[in-house]
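Please keep the structure in view while reading.

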Amino acid sequence: MVTPLALGLSYPVFVARGVLDHLWMLVEQYAPNHRYAIIADESVDALYASPVARSLPLSISPERVLRLRVPSGEANKTREQWHRLSNALLSWGAGRDTTIIAIGGGVTGDLAGFVAATLHRGVPVVQVPTTLLAMVDSAVGGKTGVDTDAGKNLIGAFHNPSLVLSDINTLRSLPMSVRADGLAEMIKHGLIADADAFSELCGVLPRLCDSEGAEVAALAEMVARSVAIKAHVVAQDGREAGLRHILNAGHTIAHAIEHALHFSMSHGAAVAAGLVIETRLAEQLGVAEHGLGDVVADAVRRAGLPDSPPRSVSDRDLLEATRSDKKARAGAVRYALPERLGRMSPGPDHSWSAPVGDDAVLAALATSRLLGKRPAD
Ligand SMILES: NC(=O)c1ccc[n+]([C@@H]2O[C@H](COP(=O)([O-])OP(=O)(O)OC[C@H]3O[C@@H](n4cnc5c(N)ncnc54)[C@H](O)[C@@H]3O)[C@@H](O)[C@H]2O)c1
Ligand SMILES: [Zn+2]
């Protein structure tokens, strides 16, 4: 028997080892349709989509299933791929009678989710995340979209999945560096909403980062806790009108780092440094309690992630890059700031973010460099 997590969302989320074996049963229960299109990251297609396609129940004949592949990597989260996939679905005759099953990391989930959001103005999508980041972050919450030359995720739609299936066993094949990206978001989730989850995660981080041990079992419990935190936030604020801003903790600086380095650094590494820098910023502004920056820095280092800005970019350049964040409005760059472990500041206008002046940001960057043991490059 597989049971979904109790999350308060309108769709079930399953997090377990081996849950992929039950995919068709759960799809027929939660997203039944006449046709099914499996859209998979080409790097994991043979590993995970092929077994799924081979395990079709007798109730679904093979001609009712289409398989499509997405080339791996952020560079393919584009309108061109959206166009290609949508055309392939339409040529096959996909109508509203089609459920899309997205298998892969956040790139595949966002892209296939956007295809589902727009095909006939919206068809059901089942998210099957196979990266840690996608399990704890992108597969839950309903944001879908593609990148453009003007920036990441600038074209998209809110489109909730009908079902999320996170099979922890798929993380076995995930390279350690990619796993670390997910750990950064898990550290963020603990920081913003659950002090106990933060402390427990810190306790198991050395094991999770030990590639020899491949402690996949230890991940299941922590992934479920982390999904619950994200779900709790998005259940209250599905469209990012207020509380959902707390999920941007660390991300104003992270996006600036990614931008300044032309996306040569992984998102998770940038988030790790961003979390430390923004926590030190909150501390210096008197918003966060004393010592919180050091606690966050220790956590990210345990995950093998950077705790300070990249050496190759100046603080002035990073400050400038914060202005390119799409969430910066009316010239004032806003930050989601922590108060203490597990609690974010509601901000001056209860928007869960606050405008911060340049001098304060420069001071936090300087402190982070001074105290940092692992720069972000
Ligand atoms: N929708 C949201 O709310 C949301 C939230 C956070 C991030 N995102 C998006 O998620 C994307 C990043 O997702 P990601 O970190 O999963 O990256 P990704 O999808 O690019 O996957 C990372 C790499 O891992 C490979 N991979 C995937 N699963 C694997 C497995 N089980 N074994 C071996 N290799 C595997 C992929 O081929 C890829 O090379 C970004 O585009 C980001 O904008 C979206
Ligand atoms: Zn992120």
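Domain bounds here come from an automatic or database domain assignment. On that basis the protein chain is divided into domain 1 (13-173) and domain 2 (176-371), and their centres, taken over C-alpha atoms, are 28 Å apart. The model is a predicted one, in which local features need pLDDT of at least 70 and side-chain atom pairs count only at pLDDT 80 or more, while totals for chains, interfaces and linings use all residues. Residues are numbered from 1 along each chain as its sequence is written, and chains are lettered from A and ligands numbered from 1 in the order in which they are written.

The two domains touch, and 21 residues from domain 1 and 23 residues from domain 2 take part in the contact (two residues are in contact if their C-beta atoms, placed from the backbone, lie within 7 Å). Helices (H or I, at least four residues) and strands (E, at least two) are DSSP runs, numbered from the N terminus. On the side of domain 1 that touches domain 2, β1 (13-16), α5 (132-138) and β7 (151-158) each supply at least two residues. The largest share, 5 residues, comes from α5. By class, this side of domain 1 has 12 nonpolar, 6 polar and 3 charged residues; Ala, Val, Leu, Ile, Met, Phe, Trp, Tyr, Cys and Pro count as nonpolar, Asp, Glu, Lys and Arg as charged, and the others, Gly among them, as polar.

Both α5 and β7 also supply at least two residues each to the shell around ligand 1, as do α2 (42-54), α4 (106-118) and α6 (176-193). In total, 28 residues surround ligand 1, and the closest are Gly105, Gly106, Val107, Thr131 and Ser138 (a residue is near a molecule if its C-beta atom, placed from the backbone, lies within 6 Å of it). The shell divides into 6 nonpolar, 14 polar and 8 charged residues.

α6 and α10 (residues 267-284) pack at an angle of about 30 degrees, with axes 7 Å apart; axes are lines fitted to C-alpha atoms, for helices over the stretch in contact, and angles run from 0 to 180 degrees between N-to-C directions. That angle makes α6 roughly parallel to α10, since angles under 35 degrees count as roughly parallel, over 145 as roughly antiparallel, 65 to 115 as roughly perpendicular and the rest as oblique. Among the residues that meet are Ala180 and Leu191 in α6 and His267 and Leu275 in α10.
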